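The sequence and the structure are shown first.

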Amino acid sequence: MKVLLLAGDFVEDYELFAPLKALEMLGIDVHVVCPDKKAGDTVQSAIHFMEEGRQTYSERQGHPFPLTHTFDDVNLAEYAGFVIPGGRFPEYQRYDDRVLFLCKHFFERDLPVAAICHGVQILAAAGVLQGRTCAGFHMCRIDVEAGGASFVEFHPDSKNAHVEGNLVTAPAYNAIGVWMREFIKLLGVKVQLE
């Protein structure tokens, strides 16, 4: 099974690395791509902090992350699902028609899609949220509602995810475990504890 994971400079560090490792642990082949970059190129991640008394999150430089595959070589027919982390990269990639095409592909085929935090900005820009409900970082509410969806409000520190059909969304990195658990269910992967 293969899953496509979209990335870009200033992707949120945890929201890229944790899902990648969770999926790899289950034997899923994850292809991490970024428009205009090739396999082996890096994207710079960022680590976001929600600090008490601050009006918004602060940002620290994260890790440079090597891409596993070349964006232009992606064959969408190979993928069982699509992951969109958050961070700042969705703010600019939502204007890239190639990214919107990728996103629409998975929705048109009712394939599992996982978006977290600011990743929902790409969903809204792709026009795939009309009539749906989804969660995301609370500062993305306007994007979600402008995209025709109802916004599910979770506190950024919550460990909640929202599932509707093929889509699982969550507010921020504290929810990664629940978010990935629900995405893995949508993929049809069974995890058995012994």
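The sections below go from the overall form to individual residues.

## Basis of the report

The model is predicted; local features need pLDDT of at least 70 and side-chain atom pairs count only at pLDDT 80 or more, while totals for chains, interfaces and linings use all residues. Residues are numbered from 1 along each chain as its sequence is written, and side-chain values use heavy atoms, with hydrogens and water left out.

## Overall form

The protein contains six helices and 11 strands; these are DSSP runs, with helices (H or I) of at least four residues and strands (E) of at least two, numbered from the N terminus. Its radius of gyration is 15 Å, close to the 16 Å that the globule rule gives for 194 residues, so the protein is as compact as a globular protein of that length. That radius is taken over C-alpha atoms, and the globule rule is 2.2 Å times the number of residues to the power 0.38. Along the principal axes, the C-alpha atoms fill a box of roughly 45 × 45 × 35 Å.

Contact here means heavy atoms within 4.5 Å. Among contacts between residues at least 6 apart in sequence, 67% join residues at least 24 apart.

## Surface, burial and charge

Of the 194 residues, 55% are buried. The term buried means under 20% relative accessible area, exposed means over 50%, and partly exposed lies in between (1.4 Å probe, protein chains only). The accessible surface of the protein comes to about 9,000 Å², and 50% of it belongs to carbon and sulfur atoms. Accessible areas come from the Shrake-Rupley method with a 1.4 Å probe, and for residues only the protein chains shown count as cover.

There are 17 positive and 26 negative side chains, and the centres of the two sets lie 2 Å apart. Lys and Arg count as positive, Asp and Glu as negative, and His and the chain ends are not counted. Each charge is placed at NZ of Lys, CZ of Arg, CG of Asp or CD of Glu.

## The nonpolar core

A nonpolar core is a set of buried Ala, Val, Leu, Ile, Met, Phe, Trp, Tyr and Cys residues joined through side-chain atoms within 4.5 Å. The largest such core has 62 residues, of which Leu-23 and Leu-123 touch the most other members. Setting aside residues up to four places away in sequence, Leu-23 touches Val-3, Ile-28, Val-30, Val-83, Met-180, Phe-183, Ile-184 and Leu-187.

Glu-12 lies in strand S2 and, at 1% relative accessibility, counts as buried. Beyond its neighbours within four places in sequence, Glu-12 is in contact with Ala-46, Ile-47, His-48, Gly-86, Gly-87 and Tyr-173. Glu-12 and Tyr-173 are 161 residues apart in sequence, yet 8.4 Å separates their C-alpha atoms.

Leu-100 belongs to helix H3 and is buried, with a relative accessible area of 10%. Apart from neighbours within four places in sequence, Leu-100 is in contact with Arg-94, Ile-122, Ala-125 and Ala-126. The C-alpha atoms of Leu-100 and Gly-8, 92 residues apart along the chain, are separated by 14 Å.

## Residues in loops

Most residues other than glycine have a negative phi. Phe-10 has a positive phi, near 70°; it is found in the loop between strand S1 (2-6) and strand S2 (11-12), and counts as partly exposed at 28% relative accessibility. Cys-117 also has a positive phi, about 60°, although it is not a glycine. Cys-117 is placed in the loop between strand S7 (113-116) and helix H4 (120-126), and is buried at 4% relative accessible area.

Asp-110, in the loop between helix H3 (97-108) and S7, counts as exposed at 54% relative accessibility. His-69 lies in the loop between strand S5 (58-66) and strand S6 (81-84) and counts as partly exposed at 27% relative accessibility. Not counting residues up to four places away in sequence, His-69 touches His-31, Val-32, Val-33, Lys-38 and Ala-39. The C-alpha atoms of His-69 and Trp-179, 110 residues apart along the chain, are separated by 24 Å.
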